[in-house]
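Biologist: Could you take me through this structure, beginning with the overall fold and then turning to a single residue?

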Amino acid sequence: MSESKPPPPGVYVPAVLFFNEDEELDEGAIKSHILRLAQGSVTGIVVQGSNGEAQHLSHDERKRAIRLTRDTLDAHGYQHIPIIAGTGAQSTRETRQLNIDAKEAGAAYALILTPSTWRQKMTKELILRFHREVADASPIPTMVYNFPAVTAGLDLDSDTIAALGAHPNIVGTKLSCGHLGKLTRLVTSLPSSSFATFIGRSDCFLPTLAVCGLGGIMALANVVPRTHRALWDSWHDGRADDARNIHRMLAHGDAVVSKYGGISFTKAVIVREFGYGRPTVRGPLATALADGLSSADAAMLEELIAFEKSITTVN
């Protein structure tokens with residue numbers, strides 16, 4: 001097997017997926033969201049990740065979400081923006097099929113959670129075997145998604161991820177664990193030309209860039225994509241003070257969104273501030289509203305969104 005190339009460095013957003021009041025895909029809102037993210041100069045878009053409620057979607061809906069995203073990007077001149085599809089399932093067989101579906105629908109990479117239903121049975125040997133067997137059969141390069149909060153506490157260490165990184169079709173990882181020591185070990189152990197290490201939290205974005213991580217796949221970028229890009233540009237242009245100030249806003253904003261409802265609250269803020277979609281999520285998740293914040297949290301969020309709206313040009 002020839003060696004696959006990792007996704008380019010930069011700002012990635014795990015896009016939320018909008019539903020109508022009947023919990024069916026709201027294609028109009030999805031298109032509006034994808035277009036706003038692209039206009040915010042994100043590097044790539046993750047479809048059906050955790051924020052895209054992948055576990056709540058049928059196989060057909062997964063394919064529709066990917067195809068709708070690809071078609072929207074292509075129709076507006078954003079053919080260069082790659083799609084990473086979340087394809088992790090609880091069996092090797094189903095994950096392989098989801099990778100095939102993702103490729104056919106227009107994804108360039110697959111982001112794969114480790115199965116966790118049988119948490120106590122998932123030894124390091126089985127984890128390595130799962131990801132390698134999936135990568136062997138995948139028509140697109142795969143990435144290891146480490147997110148203990150949604151895998152029953154299963155947290156891959158840097159040695160395990162590095163071992164997987166030796167596979168020619170495993171080209172990166174998303175660390176939603178937010179572990180900067182783990183990220184540093186991976187960045188300094190695996191060449192960026194063959195393996196991309198991305199952080200999965202906005203409140204860790206600037207430290208990631210400081211240790212030469214290749215960027216982030218960050219939920220808060222659904223709300224403020226231009227702000228994330230501004231931090232990226234500031235750091236790489238040598239404007240460290242500007243980068244630190246932007247990171248301050250992102251760190252507080254990340255905490256506010258997590259505190260008040262995560263996925264649904266993210267949608268609610270988008271509805272209020274950018275005028276499309278609704279905050280509907282599929283059960284058992286609960287729908288949140290973009291109000292009821294403490295005065296301090298409201299002020300932090302308002303500052304962040306005002307900064308986002310003040311950015312009229314992006315690279």
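The conversation below covers the whole chain and then one position.

Modeller: This is a predicted model, in which local features need pLDDT of at least 70 and side-chain atom pairs count only at pLDDT 80 or more, while totals for chains, interfaces and linings use all residues. Residues are numbered from 1 along each chain as its sequence is written, and side-chain values use heavy atoms, with hydrogens and water left out.

Biologist: How many helices and strands does the protein chain have?

Modeller: The protein chain has 11 helices and 8 strands, counted as DSSP runs (helices H or I, at least four residues; strands E, at least two) and numbered from the N terminus.

Biologist: And what share of the residues is buried?

Modeller: Of the 315 residues in the protein chain, 56% are buried, meaning under 20% relative accessible area with a 1.4 Å probe, protein chains only.

Biologist: What box do the C-alpha atoms fill?

Modeller: Along the principal axes, the box is roughly 50 × 45 × 40 Å.

Biologist: Now to I81: where is it?

Modeller: I81 lies in the loop between α2 (59–75) and β3 (83–86).

Biologist: Is I81 buried or exposed there?

Modeller: I81 counts as buried because its relative accessibility is 1%.

Biologist: Which residues is I81 in contact with, leaving aside neighbours within four places in sequence?

Modeller: I81 is in contact with A38, V42, T43, G44, I45, R70 and L73, where contact means heavy atoms within 4.5 Å.

Biologist: What separates the C-alpha atoms of I81 and A38?

Modeller: Those C-alpha atoms are 7.8 Å apart, although I81 and A38 are 43 residues apart along the chain.

Definitions and conventions:
Buried means under 20% relative accessible area, exposed over 50%, partly exposed in between (1.4 Å probe, protein chains only).
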